[in-house]
Amino acid sequence: MNNNYQSNFSYEFRIAHELAHLLCTTSSENYNLSLLTKNDIEKQANIDGIQLLINFYFSEIASGKLRWNYRFQFISTFGLGPLTHLVEKILNPIKNSV
C-alpha cells in the first residue's frame, strides 16, 4: 500500500479491497488481458472488500433493517461515497430478507 497515494477511500477500505483480491479472486491470469476483465475484477474486489468491512462493522447488529438504517454512517466512516450503490446493494434488507 502506498500511503502517499491520494484517495477519498479510507485506508481500511483500501486494505479490505486488497484483501478481497487475495481471498476472493480465483486467478490473476486474466487481469491484464482486457480492460473489461480488469474492471470486473476491481468491481468484485470492491464488493468483497465492502462485505469484509460490513462483517466487521456490523458484527453486533444482526438486523438487516438496522444495518440499512446505519448505512450512511458506514459509508461516511470508510469514505465510500462513490460506492454508495454497492453498499446499498449489499445491505438492502428487502433483497436480503428473501
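Q: How many salt bridges does the structure hold?
A: Let's start with a simple count, keeping in mind that this model is predicted. Side chains of opposite charge can pair when their charged atoms come close. In this structure, the number of salt bridges is 1.

Q: Which side chains meet in the salt bridge, and at what N to O distance?
A: One partner, Glu-88, sits in helix H5, and the other, Arg-71, sits in helix H4 (residues 71-77). The pair links distant parts of the chain, 17 residues apart. The side chains that meet are those of Glu-88 and Arg-71, with an N to O distance of 2.9 Å.

Q: Is Arg-71 buried or exposed?
A: A residue counts as buried when its relative accessible area is under 20%. Arg-71 has a relative accessible area of 14%, so Arg-71 is buried.

Q: Is Glu-88 buried, partly exposed or exposed?
A: Buried means under 20% and exposed means over 50%, with partly exposed in between. Glu-88 has 22% relative accessibility, so it counts as partly exposed.

Q: Which backbone oxygen lies 2.9 Å from a polar atom of the side chain of Arg-71?
A: Leaving aside residues up to four places away in sequence, Arg-71 touches Glu-88 and Leu-91. The backbone oxygen in question belongs to Trp-68.

Q: Where on helix H5 do its buried residues lie?
A: The buried residues of H5 (residues 84-91) are Leu-86, Val-87, Ile-90 and Leu-91. Seen down the axis of H5, they fall within an arc of 125°, so they line one face of the helix.

Conventions: Residues numbered from 1 in each chain as written. Predicted model: local features only at pLDDT ≥ 70, side-chain atom pairs only at ≥ 80, totals over all residues. Heavy atoms only, no water. Buried < 20%, exposed > 50% of the residue type's maximum accessible area, 1.4 Å probe, protein only. Helix = DSSP H or I, 4+ residues; strand = E, 2+ residues; numbered from the N terminus. Arc of directions from axis to C-beta. Salt bridge = Lys/Arg side-chain N within 4 Å of Asp/Glu carboxyl O. Contact = heavy atoms within 4.5 Å. Polar contact = N/O pair within 3.5 Å; in protein donor to acceptor, adjacent residues only side chain to side chain.
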